[in-house]
Amino acid sequence: MEKILLRPFYFFLLMAAAAAAGGGTDPISYALLSLKFEFVDDSGSLNDWVISSSTGADRPAGKIYACSWTGIRCSDNSSKFVGLDLSMKNLGGSLSGKQFGLFSDLVDLNLSHNSFSGQLPAGVFNLTNLESLDISRNNFSGGFPSGIPRLRSLVVLDAFSNSFAGNLPADVSQVESLKVLNFAGSYFSGPIPPEYGSFKSLEFIHLAGNFLGGAIPLELGNLRFLSHMEIGYNSYEGEIPWQFGNMSNLQYLDIADANISGQIPKQLSNLTKLESLFLFKNQLTGKLPPELSKISTLKSLDLSDNLISGEIPESFSELTNLTLLSLMYNELSGPVPESIANLPNLDTLLIWNNYFTGSLPQNLGRNSKLQHVDVSTNFFSGNIPPEICSGGGLLKLILFSNNFTGGLSPSLSNCPSLIRLRIEDNSFSGEISLRFSNLPFISYVDLSRNKFTGGIPSDIAQASFLEYFNVSDNQELGGEIPLKTWSLPNIRNFSMESCGISGNIPPFEPCKSVSVLELRTNNLTGGIPLTVSNCKQLLKMDLAKNNLNGSIPVELATLPVLTELDISQNGFFGPIEGVFGNSSSLKLLNVSYNDISGPIPSSKTFKEMDITAFLGNPKLCGPPLRPCKNGISSELEIGSRRAQKLAWTLVLCAVTILFVTGSVFVILHLRRRSNKGQWKMVSFSGLPQFTAKDVLRSFNYTEQDSFGKVVLPTGITVSIKKIEWGSNETEIRLQNFMRIGNVRHENLTRLLGVCYNNRFANLLYEYLPNGSLAETITIRREWGSKCRIVIGVAKALCFLHHGCYPAIPHGNLDAKNVLFDEKTEPRLAEYGLHSIAESSQSPLLVKSTKERGGFGAPLIKDELCMDVYNFGELVLEILSNGRVASASEIMEKNKRDSFVREVADNSFKEEVNSVIEVVLLCTRSRPFERPSMQEVFKLLLGLKSVKNGNACKA
């Protein structure tokens with residue numbers, strides 16, 4: 001059967017010819033074929049869009065042949081073409097729109113979830129009977145065309161997630177029938193048109209995720225039929241118009257992350273149908289309006305990450321439908337009202353990072369089915385509410401960094417739903433009354449830095465989902481490690497430092513998943529069980545400062561991923577077997593202050609370890625310690641009395657010279673030191689409390705040193721970065737280092753400590769063994785590796801910009817500050833350092849409580865925008881193996897296409913193109929047009945490799 005293949009160029013000519021010949025084939029079908037030829041249809045979704053020469057001619061007059069094709073909907077008698085649904089057909093290409101003039105009866109047009117690009121053709125507005133236009137989730141670009149008022153019957157306009165730019169179209173407000181308007185997720189800029197307040201029937205408006213600015217128009221308050229408004233994730237100026245309280249039918253209001261300031265208008269209490277109010281991540285100030293309690297329908301209230309102060313109003317207890325109350329990251333204070341515990345539907349309470357005091361409501365959990373409770377980092381005191389888990393649905397209880405006292409709540413012992421329990425850094429005492437047999441799903445338990453006693457519960461082996469367990473720094477906990485602890489099938493991190501535990505280390509049977517084992521500073525005795533060979537996932541074992549003895553089991557050398565082994569300050573004896581030198585993963589074996597004997601293995605692994613890892617073992621020899629004696633005395637044999645006298649004379653002369661030289665050096669050093677002040681040391685989490693003397697004696701300090709690898713006492717390896725500062729800047733800069741030292745993220749290099757005086761500061765970073773991206777940029781990597789690096793860096797920057805408050809700009813993002821850890825995962829280094837270094841010249845440091853001491857001053861937006869720009873150029877370097885480092889080199893489309901062909905094979909070209917689009921957004925010349933890192937990260941998460949987990953993971 002011969003198929004008639006028509007090109008768009010001949011469309012009208014052939015149609016005219018068909019009409020002149022009296023053929024029965026209809027113009028609608030030919031127009032659709034012409035439209036098909038404009039599509040890129042690699043999946044063959046429209047393979048049935050064909051007209052055969054035989055059946056086409058036999059089609060009854062007045063009937064549309066295409067009615068049976070995929071996505072086509074016709075009237076009952078097939079005489080009218082009323083619907084075109086091509087959603088999720090994997091189509092691409094650009095549209096001319098010339099065919100739309102023939103589709104005069106079309107009511108529904110759905111092109112969503114495809115890859116159409118270019119400008120949206122203005123011809124779409126010739127579809128004057130159209131009621132629904134859905135072009136969402138495509139890549140249409142340029143300005144939104146004018147002419148939409150011609151669609152007088154339009155009810156739904158959905159343009160979500162495209163690449164439109166320029167101003168929002170004001171003329172859409174003339175479509176009186178419109179009920180749904182969605183322009184979210186593009187690059188529209190400028191203010192929201194005031195005309196949008198004149199819609200007659202609008203029920204849904206979504207403008208979030210653009211680059212909109214200016215003041216929010218008060219005219220929007222005139223939308224009396226509106227039930228859903230999302231206009232957040234933009235950057236407005238000024239306050240929330242009080243006129244929003246006039247939208248009497250509003251059920252959902254989201255203005256999150258929109259840079260709005262001022263107080264929350266009390267007029268919002270007039271929104272008596274409102275169910276969800278999201279105003280988080282703004283600059284809102286003032287107190288919580290008690291009037292909000294009048295919104296009895298309210299279910300979700302999220303005002304987090306603002307500057308709201310004062311107390312939680314007692315009247316909030318009237319919000320009986322409330323399920324979510326999120327007030328975290330504000331400046332709220334005072335006690336939490338007891339009546340909050342009476343909210344019957346409350347399942348999520350998030351009030352962390354405030355200044356709350358007093359006890360938690362004692363009835364919390366009794367009258368509601370709580371699922372998530374996070375009150376960490378406040379000043380709460382008293383006990384855990386006794387019925388916190390009475391509702392039977394508690395999943396997460398986060399109470400760390402407060403002043404809680406007393407024992408664990410009895411209800412926690414019978415809380416089968418509990419998954420995560422974090423109560424570290426408090427003053428809890430008494431026995432750990434958890435009954436793991438009643439906690440079948442518990443996966444994360446952190447009880448560290450408290451005052452618990454009575455040992456670990458003996459039934460811990462029944463917590464089959466437990467992955468993380470930390471009871472460190474409970475000095476009087478005591479007891480022994482339960483016998484079957486290592487049999488937990490999912491346990492990865494077991495930390496029990498400084499707990500006063502005794503007894504032997506239990507056999508490692510079966511030890512399938514343990515990766516970190518920290519038992520330092522206890523009273524453990526006996527040896528390391530030989531069954532440690534079962535711990536194939538073990539990365540780090542720290543047994544320092546115990547009473548262990550015996551030989552070092554060679555089984556440890558066979559563990560495939562063991563990186564760090566610290567058995568210092570025990571009673572181990574015997575040799576370090578040579579097989580340890582064959583380990584491909586071992587980076588540190590600290591045997592200091594034991595009774596180890598014999599030679600240190602001569603392999604490269606041990607040559608890279610510092611001398612401090614071997615000190616305190618008189619019988620140990622070989623580099624870096626003294627040479628070993630090979631059965632021959634190495635002492636100087638003096639054969640005569642005369643030779644002895646000569647030797648002693650030479651020794652005395654040498655001692656005299658050394659004494660005089662040393663005296664001069666000490667005098668000069670003391671003079672210079674008097675100008676620098678005394679060295680001091682600040683340690684952060686992850687670093688023992690070393691003194692400045694401990695640190696300085698670990699490396700050959702000179703004023704010229706700027707960076708290097710150093711092994712500290714106990715064998716911890718760190719990287720040292722030296723900076724210079726003035727004595728008048730020490731306090732201010734130190735405050736910022738304190739903040740950076742408390743930042744923790746999987747893709748950030750940790751700052752472990754600062755050793756400083758009035759002139760210099762030595763920054764102690766965790767040591768990462770696999771070098772920097774700059775050192776390996778020219779290595780050819782597969783797409784999966786490149787994607788993983790890009791996603792890792794993006795995630796780290798997103799956390800610094802949006803997960804820290806105030807935001808921390810990196811300030812110097814380039815390939816040399818992307819390091820790789822032992823798993824070759826990317827980690828950002830030296831973040832925030834540039835801002836601190838320039839703090840004496842620039843007003844980057846904020847001293848008011850409003851911005852909580854740190855990064856958040858006038859210049860911060862410039863630095864954040866520059867981070868985004870530098871990220872874009874870094875991505876180009878990653879994609880091109882260092883050959884292309886400037887977006888200007890791929891601005892032209894032909895150069896861009898050539899670049900894609902060079903760096904990607906056919907299977908990943910689409911993904912690389914998507915990444916390059918992100919790069920071009922990041923490197924826009926005008927900073928205010930660049931996306932935020934949150935938006936960048938969101939775009940990258942849309943990559944198929946990330947979604948499917950095939951090539952890279954977020």
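Predicted model: local features only at pLDDT ≥ 70, side-chain atom pairs only at ≥ 80, totals over all residues.
Start by selecting Ser161, which sits in the loop between strand 8 (156-158) and strand 9. Helices here are DSSP runs of H or I with at least four residues, strands are runs of E with at least two, and both are numbered from the N terminus. Phi of Ser161 is near 55 degrees, a positive value in a residue other than glycine.

Residues are numbered from 1 along each chain as its sequence is written, and side-chain values use heavy atoms, with hydrogens and water left out.

**Stop 1: the sheet that holds strand 9**

Now select strand 9 (residues 163-167) together with strand 7 (residues 139-142); the two pair in the parallel sense over 2 bridges. Two strands count as paired if DSSP finds at least two bridges between them. Zoom in on Ser141 and you will find its bridge partner in strand 9, Ser163. On to strand 11 (residues 187-190), which runs parallel to strand 9 and is joined to it by 3 bridges. Here Asn167 has Ser189 of strand 11 as its bridge partner.

Zoom out to take in the whole sheet: it is open, has 6 strands in the order 3-5-7-9-11-13, and its pairing is parallel. Its edge strands are strand 3 (92-93) and strand 13 (211-212), each of which pairs on one side only. In general, strands of a sheet pair through backbone hydrogen bonds, either parallel or antiparallel.

**Stop 2**

Select strand 3 and strand 5 (residues 115-119), a parallel pair with 2 bridges. Gly93 stands opposite Phe116 in strand 5.

Which residues does Val40 touch, leaving aside those up to four places away in sequence? Show its surroundings and you will see Asn90, Leu91, Gly92 and Gly93; a contact means heavy atoms within 4.5 Å. Val40 itself is found in the loop between helix 2 (27-36) and helix 3 (53-57). Draw a distance from Val40 to Leu91: they are 51 residues apart in sequence, yet 5.6 Å apart in space, C-alpha to C-alpha. Val40 has a relative accessible area of 40%, so it counts as partly exposed.

**Stop 3: another positive phi**

Jump to Asp425, in the loop between strand 29 (420-422) and strand 30 (429-431). Its phi is near 60 degrees, a positive value in a residue other than glycine. Asp425 is partly exposed, at 31% relative accessibility.

**Stop 4**

Next, pick out the open sheet of 5 strands ordered 35-37-39-41-43, with parallel pairing. Strand 35 and strand 43 (595-596) are the edges, each pairing on one side only. Strand 41 (residues 571-574) and strand 43 form a parallel pair over 2 bridges, where Phe573 has Asp595 as its bridge partner.

Look also at Pro510, in the loop between strand 35 (502-504) and strand 36 (516-518). The peptide bond from Glu509 to Pro510 is cis, with omega near -5 degrees. A cis peptide bond also joins Pro623 and Pro624, with omega about 10 degrees. Pro624 lies in the loop between strand 45 (620-621) and helix 5 (641-676).

**Last stop: the whole chain**

Finally, show everything: the protein chain has 15 helices and 54 strands. Buried residues make up 53% of its 954 residues. What share of the contacts with a separation of 6 or more joins residues 24 or more positions apart? The figure is 54%. The chain exposes about 41,400 Å², and carbon and sulfur atoms supply 52% of that; the areas come from the Shrake-Rupley method with a 1.4 Å probe, and for residues only the protein chains shown count as cover.

Notes:
Buried < 20%, exposed > 50% of the residue type's maximum accessible area, 1.4 Å probe, protein only.
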